[in-house]
Amino acid sequence: MATKPPLSADQIADLNAKHVNDLDRDYDHLCRQLARRGVDAEAAVAKVAAFSVAIPTWGAGRGGTRFAKFPLAGEPTNIHEKLQDCAVVQQLATVTPRVSPHLPWDTVDDYVGLREEAAELGLGFDAINSNTFQDQAGQPHSYATGSLTSSDAAVRAQAVEHNVECIEIGRKLGSRDLTVWIGDGTNFPGQQDLGRQFDRYLDSASGIYAALPDDWRMLLEHKMYEPAFYSTVIQDWGTSILAAQELGPKAKCLVDLGHHAPNVNIEQIVSRLHRFGKLGGFHFNDSKYGDDDLDSGSINPHQLFLVFNELIEAERNPRDGFDPAYMIDQSHNVTDPIESMLVSAEAIVQCYAKALLVDRDALHDAQDRDDVTMAFQALRRAYTVDVTPIVAKARVEAGGACDVIAAYRASGWRDRKAQERKPVGLGAGIV
Ligand SMILES: [Mn+2]
C-alpha cells in the first residue's frame, strides 16, 4: 500500500504555472476594490487559510438512491483507497485535512496503523460516525424495530455497545467527537408511544455519554424524516437541544443543512443553538426538495452565506466556547466524487469568505438604528463580491491548485485508478 501523497508538490506547481499570473492580477484588482470600502482582503485570505472542513470517507465513493447505484470505474472499494482519494482532495483544495470515518463501513484490524497511514497522506481523523440504521453481518440482533429507542432492551444494549466501541476506535484514530444519528421512528400513527420512545432514547444515549472521555463531545444529529416517514425520534433542533441539555455539557447539537422542513430558517437555528452553547457541528450539503444529498452551494449559495454570517457572529461572541465540527455530507450519485468534493469545498470556503467581508460595524450600527435598508445592504454588498481570487490565493499559498478541477483532470488520477483498482460492482443504493 503506497502511502505517500498521491500528487507531488512539483506536479501541482506545474499545473498552476499557467494560472498564477492571472490570479495575481485578479487578486490585486480585488484588493484595490475592497480597500476603497475599507475592507482588508489580506485579512480575509489569512482567515480562509485557517479554515477547514472534514470530508467523510463514504463521500469518496459513488452514492446511490433507494433505486440504484451506478458505480464509477476506479472508485475506491476500501478505506485505504478512500483515504488516497481524500488525500487528492486535500492536496488540491487544502481545506480538507481531516476525514470523518464511519463504522462499520471503515472497519480494519489495525486502527493505529490506519492513523499512521492517513498521516503519511497528510490526513487526520475528525468525528467518528456510528451506524445503527442498518444491520451488519454477524450482529446478534436486528435494528428492524429501531436501535437506541427499540422496544427490545437487547437491541438497545447492542446499539449502545456499538457506539461505545466507536469511541474506543476513535481514540486510536485521534478523533474527539462521536456523531450519533439514528433512523429510529415510525411509519404509522400508534406504532409506538412518542413519549416513551424518546424516554428510551435518553436512557440509551446516557449510556453512550457515560463512556465519553473528558475531552470528547457527543454530537446529536437530527433529521426531520427518512427512513421513518410518520415520526422520527430526533426530528428537529428542539428535540435535539432538549436531549443535549438532558445528557450534559459534552452533548451538543449537529445541524445538517438538508435535515429540515423546506424553507426553514436554518441560520436562525445556528444562532439559537449557539446562544445556549449547544452548537457542536454543521454538515454541509444542499437540497431542492426534501433531500440532503446535493452538492454544497449548488442550489442555494445565499443560504450558505447566511449560515456563515451567523457562524462568524457566533465566533465573535463565544458562549461556552465556539468550536463546531464542520463536515461535507452529501451523496455523489452522478459525478466523480473527488470533483464534487473539490467543487463543494470551494463553494463552502467562498461563502465563508463572503461572510468575512461583511462590514460588521456598519451592519450592527444599522441594526441598532433600525435602518433596514442599510442593514441588508451590509450583507448584500459582501455577498455580491466575487471572492474567487481570495480563495484561490489562500489555496495556492498553501500549496494547492489554482484551478482545482483543471488540475485534477490534468492529473489523470481517476483513469489511473480505473486501471489499478478492482471494479466496485453494481451494489445497492443508499447513502
Ligand atoms: Mn449529516
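The following questions and answers go through a predicted model of one chain.

Student: Which conventions apply to the numbering and to the model?
Tutor: Residues are numbered from 1 along each chain as its sequence is written. Because the model is predicted, local features need pLDDT of at least 70 and side-chain atom pairs count only at pLDDT 80 or more, while totals for chains, interfaces and linings use all residues.

Student: How many helices and strands does the chain have?
Tutor: Helices (H or I, at least four residues) and strands (E, at least two) are DSSP runs, numbered from the N terminus. Under that assignment the chain has 16 helices and eleven strands.

Student: What is the radius of gyration of the chain?
Tutor: The radius is taken over C-alpha atoms, and the globule rule is 2.2 Å times the number of residues to the power 0.38. For 431 residues, a compact globule would have a value near 22 Å, with which the chain agrees. The C-alpha trace spans about 65 × 60 × 40 Å along its principal axes. The radius of gyration of the chain is 22 Å.

Student: Which elements do the buried residues of α3 pack against?
Tutor: A residue is buried if 20 or more other C-beta atoms lie within 10 Å of its own, exposed if 12 or fewer, and partly exposed in between, with C-beta atoms placed from the backbone. In α3 (residues 41-50) the buried residues are Ala 41, Ala 44, Val 45 and Val 48. They lie on the same side of α3, because the arc they cover around the axis, taken from the directions from that axis to the C-beta atoms, is only 105 degrees. By contacts (C-beta atoms, placed from the backbone, within 7 Å), they pack against α2 (20-36), α11 (337-356) and α14 (388-397).

Student: Which exposed residues does α3 carry on the face turned away from its buried side?
Tutor: The buried side holds Ala 41, Ala 44, Val 45 and Val 48. The face turned away from it carries Ala 43 and Ala 50.

Student: Which strands stand at the edges of the six-stranded sheet?
Tutor: Strands pair if DSSP finds at least two bridges between them. The open sheet has the order β4-β5-β7-β9-β10-β11, with parallel pairing. Two strands each have a single partner, so one side of each is left without a neighbour in the sheet: β4 (128-129) and β11 (325-328).

Student: What is the bridge partner of Asn 129 in β5?
Tutor: Two bridges join β4 to β5 (residues 177-180), and these strands run parallel. Both faces of β5 are covered, with Asp 177 and Thr 179 buried on one side and Leu 178 and Val 180 on the other. The partner of Asn 129 is Thr 179.

Key. Two residues are in contact if their C-beta atoms, placed from the backbone, lie within 7 Å.
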